[in-house]
Amino acid sequence: MDSKKSDLPGYAILDTAKGSITVELFKDSSPEVVDQFLDLCHRGHFNGMLFRHVIKHYVIQAGDSDKLEAAEDWTLKGKHYSQLDTSLKHEAFMLGTSKKKRDNGAFELFITTAPIPDLNEKLIVFGKVVKGEDIVQEIEEVDTDEHYRPKSSIAIRSVTLKQSV
C-alpha cells in the first residue's frame, strides 16, 4: 500500500446537534474527492455548515448552496421508497458530493437515507456511515417546508478526522 495513502485519515466524525455520525472514507476508490474533503476539513470548511435539505427516504444534504439541484432531480422523478432498486451498489447511508463542478469552491455533502438507483449519475460516493445511522435517521425526520428545508436549523458543528475508529 502507498505509504502516503495509509497516512491519510480513514474516518471522519461529523458532530451535529443531534449526535455524531462516523463515516469511513473510500480513500482507494475516490482519492481525489477524499483529498479535497480532507483539505476542507483541515480548513474548518464544514464547521457550522447547515443541513439545507432533508428529503425523507432519499437524502440529507449539507452545503453552501441553498439550491436543491441533484436532490431535486430525484424528487421530481416522483420515485417512492417502495420503487427503489435495492442493490448493494446503491445502498443507504452512503456519503457523496455532487458531480457538478463548481467554480466557487462549494462542496456539498449528501448522505443517502435509502437505496437510490441513479446514485452514480448524481453523486461521487466517497464514504459510508459506519456509526450514527440513527442520527442520520433522526435528522431525516425533522419537519421541513415545501422546499425540503428544515424548519429548524441543524448544523455540522465540527469534523474530527481519525486513522481508525
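**Close-up 1. Phe37 and Phe126 form an aromatic pair.** Phe37 is buried, at 1% relative accessible area (buried: under 20% relative accessible area; exposed: over 50%; partly exposed: in between; 1.4 Å probe, protein chains only). This is a predicted model, in which local features need pLDDT of at least 70, side-chain atom pairs need pLDDT 80 or more, and totals for chains, interfaces and linings use all residues. Residues are numbered from 1 along each chain as its sequence is written, and side-chain values use heavy atoms, without hydrogens and water. Ring centres of Phe37 and Phe126 lie 5.2 Å apart, with 50 degrees between the planes, a tilted pair (rings of Phe, Tyr and Trp, the last by its six-membered ring, pair with centres within 6.5 Å; planes under 30 degrees apart are stacked, over 60 edge-to-face, the rest tilted). Phe37 sits in helix H2 (residues 31-42) and Phe126 in strand S7, so the pair ties together parts 89 residues apart in sequence (DSSP runs, numbered from the N terminus: helices H or I, at least four residues; strands E, at least two). Phe126 is buried too, at 0%.

**Close-up 2. Phe46 and Phe107 pair edge-to-face.** Their centres are 5.8 Å apart and their planes stand at 75 degrees. Phe46 is buried at 1%, Phe107 at 3%. Phe37, Phe46, Phe107 and Phe126 form one aromatic cluster.

**Close-up 3. Strand S2 (residues 19-25) is largely enclosed by the rest of the structure, because five of its seven residues are buried.** Six bridges join S2 to antiparallel strand S1 (residues 11-16) (pairing takes at least two DSSP bridges). Tyr11 has Glu24 as its bridge partner. A two-residue hairpin connects S1 to S2. S2 also pairs antiparallel with S7 (residues 123-131) over four bridges; there, Leu25 partners Gly127.
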